[in-house]
Amino acid sequence: MTIRVALAGAGAFGIKHLDAIKLIDGVEVVSVIGRELDKTREVAAKYGIGHVTTRLGDSLALKEVDAVILCTPTQMHAEQSLACLKAGKHVQVEIPLADSLNGAEAVAALQKQTGLVAMVGHTRRFNPSHQWVHQRIQAGEFNIQQMDVQTYFFRRTNINALGQPRSWTDHLLWHHAAHTVDLFAYQAGGEIVQANAIQGPIHPVLGIAMDMSIQLKSSNGAICTLSLSFNNEGPLGTFFRYIGDTGTYIARYDDLFNGKDDKIDVSKVAVSLNGIELQDREFFAAIDEGREPNSSVAKVLPCYRTLHQLEQQLSR
């Protein structure tokens, strides 16, 4: 059975999903939604997508659409996820699930009520580098003592990964910290029992903190130190150092190295080295098999409770 998908948000990240879906059998993108009709038509023509619109509701009204992938601005995620579930469509929403705890809990409640697959794009759970570490943890061969994480960008203006102007403002806490808060709990295997945050000056135009520092502690004793910046003029991206009882590992997206910077072969971990493709494969497999996916809304909800707690601290 072919799973027919609508993709909302034909920007930098939407394109990554379209490229990934081309590699997955039994899945077809039948509708694409974008803010600018002409640019969205160009994307649709390139990927052979028949239906183009600027309104999510138009795609939700299509009976043939089984599932939706949301790559839209953060502020729209919770509302659009709810709309998809109300329309009877499975949904995968790019990280973050919401920009508030109330929004995240509303989606979780409706997912439980409908029984549909609702998944969040917590890609770090799927990157082969992090999967390799997770498998060692699961096998009892490695236990995390500390994760040291740097999330660094140079983004003093509102542009996306393709260097194009954004219609919305990114956020260190609700977007970029969400990756690490969730991954730390997932890898450490416990609940986050302590969380502290401090932030730097608020940008006069963007209205957000451009620098942030977060400390986390798991119920099993492991700790995490996370540094985030939009001010970094240097290597860009997120770099994870796992310090454990039997080794040290450094993950740079889909690549993994030991503490001496020797590269570790992760090519046998999964069917692809692309974390987005693996994330999409899990979404479609969960729909096909009628099961809860890894990074389901329910599984990642504790992350958003921690982000809410940190936001309360920062607003004092």
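Reply: Helices (H or I, at least four residues) and strands (E, at least two) are DSSP runs, numbered from the N terminus. Angles run from 0 to 180 degrees between N-to-C directions, with axes fitted to C-alpha atoms, for helices over the stretch in contact. Contact means heavy atoms within 4.5 Å.

A word on the source. This is a predicted model, in which local features need pLDDT of at least 70 and side-chain atom pairs need 80 or more, while totals for chains, interfaces and linings use all residues. Residues are numbered from 1 along each chain as its sequence is written, and side-chain values use heavy atoms, leaving out hydrogens and water.

Two strands pair if DSSP finds at least two bridges between them.

Strand β9 (residues 211-218) runs antiparallel to β8, and 7 bridges join the two.

The largest nonpolar core has 73 residues. L97, M147, I214, Y242, Y304 and L307 have the most contacts inside it. Helix α7 (residues 172-188) gives the largest share of this core, 9 residues. Apart from it lies another core, of 24 residues, including I21, V27, A67 and L278. A nonpolar core is a set of buried Ala, Val, Leu, Ile, Met, Phe, Trp, Tyr and Cys residues joined through side-chain atoms within 4.5 Å. Buried means under 20% relative accessible area, exposed over 50%, and partly exposed in between (1.4 Å probe, protein chains only).

Take L97 as a guide. Leaving out residues up to four places away in sequence, L97 touches H77, A78, A104, V107, V120, V297 and Y304.

Next comes another sheet. Here 6 strands form an open sheet in the order β3-β2-β1-β4-β5-β6, and the pairing is parallel. β3 (51-53) and β6 (118-121) are the edges; each has a single partner strand, so one side of each is left without a neighbour in the sheet. From one strand to the next, the twist averages 20°. Inside the sheet, β1 and strand β4 (residues 67-70) run parallel and are joined by 4 bridges. A6 has V68 in β4 as its bridge partner.

Helix α4 lies across β4, β5 (90-94) and β6. α4 runs at about 170° to β5. Q80 is found in this helix, which spans residues 77-86. Q80 counts as buried, because its relative accessibility is 10%. Beyond its neighbours up to four places away in sequence, Q80 touches L56, L70 and T72. The side chains of Q80 and T72 are joined by a polar contact of 2.6 Å. A polar contact is a pair of N or O atoms within 3.5 Å; within protein, one must be able to donate a hydrogen and the other to accept it, and residues adjacent in sequence count only if both atoms are side-chain atoms.

Last, the charged pairs. A salt bridge is a side-chain nitrogen of Lys or Arg within 4 Å of a carboxyl oxygen of Asp or Glu. The count comes to 13 salt bridges. One of them joins R4 and E28, with the closest N and O atoms 3.8 Å apart. R4 is in strand β1 (residues 3-8) and E28 is in strand β2 (residues 27-33), so the pair links distant parts of the chain, 24 residues apart. R4 is partly exposed at 32%, and E28 is partly exposed at 37%.

R305 and E105 form another salt bridge, at 3.7 Å between the closest N and O atoms. This pair spans 200 residues, from R305 in helix α9 (residues 297-314) to E105 in helix α5 (residues 101-114).
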